[in-house]
Each structure stands twice: as C-alpha cells, then as structure tokens.
Amino acid sequence: MNSMTGYSYKEVVVDGTQVSVEIKSVNSRFLDLSVSLPPFLNPLEQRIRQTVSDRIVRGKVDLSIRIRDSESNAKVTVDTQAALAYRDAITQLASALGKNSDDIPLSLIIQQEGVLSVTHEYDAEQYWQKISGVFADVLNAFCADREREGKNLQKDLLSKLDTLDACARFFKEWQPQMEAKFRETITKKFNELLGEQVDQNRIMTETAAMLVKYTINEEIIRLHSHLAAMRSEIETNPVPGKKLDFICQEANREINTIGSKNQFTEVGAMVITAKDALENIREQAKNVE
C-alpha cells in the first residue's frame, strides 16, 4: 500500500552538466501527471511520462527537470550584409543631422535586429544519458517515500478495521436480546389489551412479523462480509484506494440500518463507535493510492 503524497529531490553535476530533478505529489482521484522540462528536452517527455505512469497509479504528481551546462553550447553568427546596411543608414542619418559619422559606436550596429544571431545546439538523447541516472534515483526515492507513508496508513486502517470487527461481533451478540425485546413488548401490549384472553398464536404471528421488519441478522451478515473484503483489500491489494471507498459506502449502509432498527442504548453507542471508525477509514482511504 502506498500513500498518494511523496517528495524527492536530487541535484548533481554529470559530465559538466548540472542536473536537478524534483518529484512531489498530493492526493487525486486519478493520475494527474505534470512534467516541466526545458524546451529542448521536449522529445524526452513521453518517455518520462511512461516511466512514471508505470510506477504510479493515483495522485497529482509534479515532476520538474532542470539543466545547466558549465560550458556554453551557443553558436553565434554574423549577418555582415545587414551590419553594413545599418552602418550606411546610420551614417546617412548622422550626416543629415550634421553629426560626425566616425562617432557611431560599434555597439549601436550590433544591437540592431538580425546583425547577430545566437542558436543553441542540443541533442536530447545525449542529455538523456546524463539525466536518466538522476531521474531513476529520484523516482525510486519518491516511490520509497510513498511506500513508507503507506505502511503507516495501513497500520491505522487495520486498527480502525479491528474496531469495526469488534462492533460487528457486538451487534451479533446483542441480536438475540433485541429479538427478545420485541417479543416482550408485543406480549405486554396484548396482555394490556386482552388480559387473560391473549391468543398465544396471535402473539407469535405478530412477533414474527415484527422480527421480519426489525431483525438485524441480514445486516450483520453483510457487514461481516464487507469488513472481510475491506481487510483483504488493505492487506493484499497494492492500490486499494478506490475499492476501499466503495466498500465503505456499502458498510455504512448496513450500520445505518442497524442503528435505525436498534432498541438498546448499548447498541446505539456501538453504532456511533462503528460509524466513527468507518468515517476514519473513508478519510484515510482518500490518501491511499
């Protein structure tokens, strides 16, 4: 089990190139991957995305790669014809204004558009050779961070599930008392109305009808089933987040029904405990991949 939150960063110099890689993530219903690269590394984006998506299933993941070369790879070219044209035009303007053309600085000509052109030559595959090792280290550390936090989440989820299991056992133990309470209530009402003329068969019929309406046996069976499924997901599924949310909804339905049929203060208190534990599981499930 992994948490959806994690962080990792590394910055090293590889063959004269400073490489920094950062990965961080927060909760999300699906994988929302944002990759930030220098424009000249765009040919590598799909490869990077595929590598991350092979390891991460859910979470809003922000990945950033930065590059800085210690030696410039800039290539500067001069358009001599443009420079001469600018010089002649500026000289003509200086003459018209009564200025000395000898005072025209070279920097003025260089600043003109198109005189100097700067291009950078980048080989994305060559840079990948420098980046790949750092990227792999950061991704491994990022996944390890999510796994470490995931283990803590798993312990907490199992603890809350133990509480739910105890509640389910309590409901099962109190079920006979709830049914006995129904019988007692119905018998008392008949005795008050009819006295010694009570028809025992009528009491049994009414009791049976009341039990059909208020018994919690089916809810208990389904609740045990949901809790067993939940434990299986937590203990065996590496990415149980979405499934846990669905199971919690089903378990909550059974607990609510038990609460609505309840006739005992003790059972009502246990229903509150169960709902609290289940809500904690639902909240924690939002942090699980």
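This is a predicted model: local features need pLDDT of at least 70, side-chain atom pairs count only at pLDDT 80 or more; totals for chains, interfaces and linings use all residues.
**Entry 1: getting started**

I count a residue as buried under 20% relative accessible area, as exposed over 50%, and as partly exposed in between, using a 1.4 Å probe and protein chains only.

Residues are numbered from 1 along each chain as its sequence is written, and side-chain values use heavy atoms, with hydrogens and water left out.

**Entry 2: the chain from end to end**

I take helices (H or I, at least four residues) and strands (E, at least two) as DSSP runs, numbered from the N terminus. I found eight helices and six strands in the chain. Reading along the sequence, I noted the pattern β-β-β-α-β-β-α-α-β-α-α-α-α-α.

Next came contacts, meaning heavy atoms within 4.5 Å. I looked at those between residues at least 6 apart in sequence, and 80% of them join residues at least 24 apart.

**Entry 3: the sheet**

For pairing, I ask that DSSP finds at least two bridges between two strands. In what order do the four strands of the open sheet lie? I read the order as S1-S2-S4-S3, with mixed pairing. Strand S1 (6-14) and strand S3 (31-36) are the edge strands, each pairing on one side only. From one strand to the next, the twist averages 10°. For such angles, axes are lines fitted to C-alpha atoms, for helices over the stretch in contact, and the angles run from 0 to 180 degrees between N-to-C directions.

I then went through the pairs one by one.

- S1 pairs with strand S2 (residues 17-26) in the antiparallel sense, over nine bridges. Here I found Val12 opposite Val19 in S2.
- S2 and S4 are antiparallel too, joined over ten bridges. I noted Ile67 in S4 as the bridge partner of Val19, and Val61 in S4 as the partner of Ser25.
- S3 and strand S4 (residues 59-69) run parallel, with six bridges between them. Leu31 stands opposite Gly59 in S4.

A reminder for looking at strands on screen: in a regular strand the side chains alternate between the two faces of the sheet.

I stopped at the loop between S1 and S2, where Asp15 is found. The hairpin has two residues between its strands. Asp15 has a positive phi of about 50°, although it is not a glycine. Is Asp15 buried or exposed? I have it down as exposed, because its relative accessible area is 68%.

Glu45 has its place in H1. I marked Glu45 as partly exposed because its relative accessibility is 23%. Which residues does Glu45 touch, not counting those up to four places away in sequence? I found Val35 and Leu37. Glu45 and Val35 are ten residues apart in sequence, and their C-alpha atoms are 7.3 Å apart in space.

**Entry 4: Glu233**

I moved on to helix H6 (residues 217-236), where Glu233 lies. Glu233 counts as buried because its relative accessibility is 12%. Leaving aside its neighbours within four places in sequence, Glu233 is in contact with Pro240, Lys243, Leu244 and Ile247. Ile247 is 14 residues from Glu233 along the chain, and the two C-alpha atoms are separated by 9.7 Å.

**Entry 5: the largest pocket**

Rolling a probe the size of a water molecule over the atoms shows where empty space is left. A pocket here is an open set of points on a 1 Å grid over the protein atoms alone, where a 1.4 Å probe fits, with protein on both sides within 12 Å along at least five of seven lines; lining residues have an atom within 4 Å of a point.

I noted a volume of about 180 Å³ for the largest pocket, taken as the space filled by probe spheres set on the points. Among its lining residues are Met4, Phe30, Arg58, Lys242, Asp245 and Arg282. Which elements give two or more residues to this lining? They are helix H7 (241-261) and helix H8 (265-285). The largest share, three residues, comes from H7.
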